[in-house]
Amino acid sequence: MSNTTAKSEMLSYKGRPLMRKDNILYYGSMSDRYIIMMQILETKQVKDLSVATRVAVQLQQTSPNVRPKDRIVKKTEKNGLWTAMDIASIWLTRALSAK
């Protein structure tokens, strides 16, 4: 698979990249100053589908010069992936527009 095909198949939400690794989702670009990390804490089965019921959301700095503990700017827990994505989009938009 070529790089152009891989990039075109990358998920995005409201124009920003969305990547998943196991139960952790990353929203935004590592080349930006901030990124959102969402961790699925609980799920429930709905028919044959596993649905997130509790999600931790963190707005983090991407600077390698900041200690990992100090990278977290804001954090919250939300019920469901939809509300987590909603707050993630708001936080990331506001953080990236404030210069």
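The chain exposes about 7,100 Å², and carbon and sulfur atoms supply 52% of that area. Those areas come from the Shrake-Rupley method with a 1.4 Å probe; for residues, only the protein chains shown count as cover. This is a predicted model: local features need pLDDT of at least 70, side-chain atom pairs count only at pLDDT 80 or more, and totals for chains, interfaces and linings use all residues. Residues are numbered from 1 along each chain as its sequence is written, and side-chain values use heavy atoms, with hydrogens and water left out.

Staying with the whole chain. Buried residues make up 29% of the 99 residues. Buried means under 20% relative accessible area, exposed means over 50%, and partly exposed is in between, with a 1.4 Å probe and protein chains only. The C-alpha trace spans about 45 × 35 × 20 Å along its principal axes. Of the contacts with a separation of 6 or more, 37% come from residues 24 or more positions apart. A contact here is heavy atoms within 4.5 Å.

Charges next. There are 17 positive and 8 negative ones, and their mean positions are 7 Å apart. Lys and Arg count as positive, Asp and Glu as negative; His and the chain ends are not counted. Each charge is placed at NZ of Lys, CZ of Arg, CG of Asp or CD of Glu.

Now the fold. Two helices and six strands make up the secondary structure. From the N terminus the order is α-β-β-β-β-β-β-α. Helices (H or I, at least four residues) and strands (E, at least two) are DSSP runs, numbered from the N terminus.

How are the six strands arranged? They form an open sheet, in the order S1-S2-S3-S4-S5-S6, with antiparallel pairing. S1 and S6 (72-78) are the edge strands, each pairing on one side only. Two strands pair if DSSP finds at least two bridges between them.

Let me walk across the sheet. Start in the loop between S1 (12-13) and S2 (16-21), where Lys14 sits. Phi of Lys14 is near 50°, positive in a residue other than glycine. Most residues other than glycine have a negative phi. Lys14 is exposed, at 55% relative accessible area.

S2 and S3 come next, paired antiparallel over four bridges. Leu18 stands opposite Tyr27 in S3. The two strands form a hairpin with two residues between them, and Asp22 in the turn has a positive phi of about 55°. Asp22 counts as exposed, at 56% relative accessibility.

What are the two faces of S3? Leu25 and Tyr27 make the covered face; Ile24 and Tyr26 make the uncovered one. In a regular strand the side chains alternate between the two faces of the sheet.

On to S3 and S4. Four bridges join them, again antiparallel. Leu25 stands opposite Met38 in S4, and the bridge partner of Tyr26 is Met37. This hairpin has six residues between its strands, with Gly28 in the turn at a positive phi of about 115°.

Then S4 and S5. Here 12 bridges join S4 (residues 34-46) to S5 (residues 49-61), running antiparallel. Tyr34 stands opposite Gln61 in S5. Met37 stands opposite Gln58 in S5.

Is Gln60 buried or exposed? Gln60 is buried, at 15% relative accessible area. Its side chain makes a polar contact of 2.7 Å with the side chain of Gln58. A polar contact is a pair of N or O atoms within 3.5 Å; within protein, one must be able to donate a hydrogen and the other to accept it, and residues adjacent in sequence count only if both atoms are side-chain atoms. Leaving out residues up to four places away in sequence, Gln60 touches Arg33, Tyr34, Ile35, Met37, Arg71 and Ile72.

Arg94 lies in H2 (residues 81-97). Arg94 is exposed, with a relative accessible area of 57%. Where is Arg94 relative to Lys44? The two are 50 residues apart in sequence and 32 Å apart in space, C-alpha to C-alpha.
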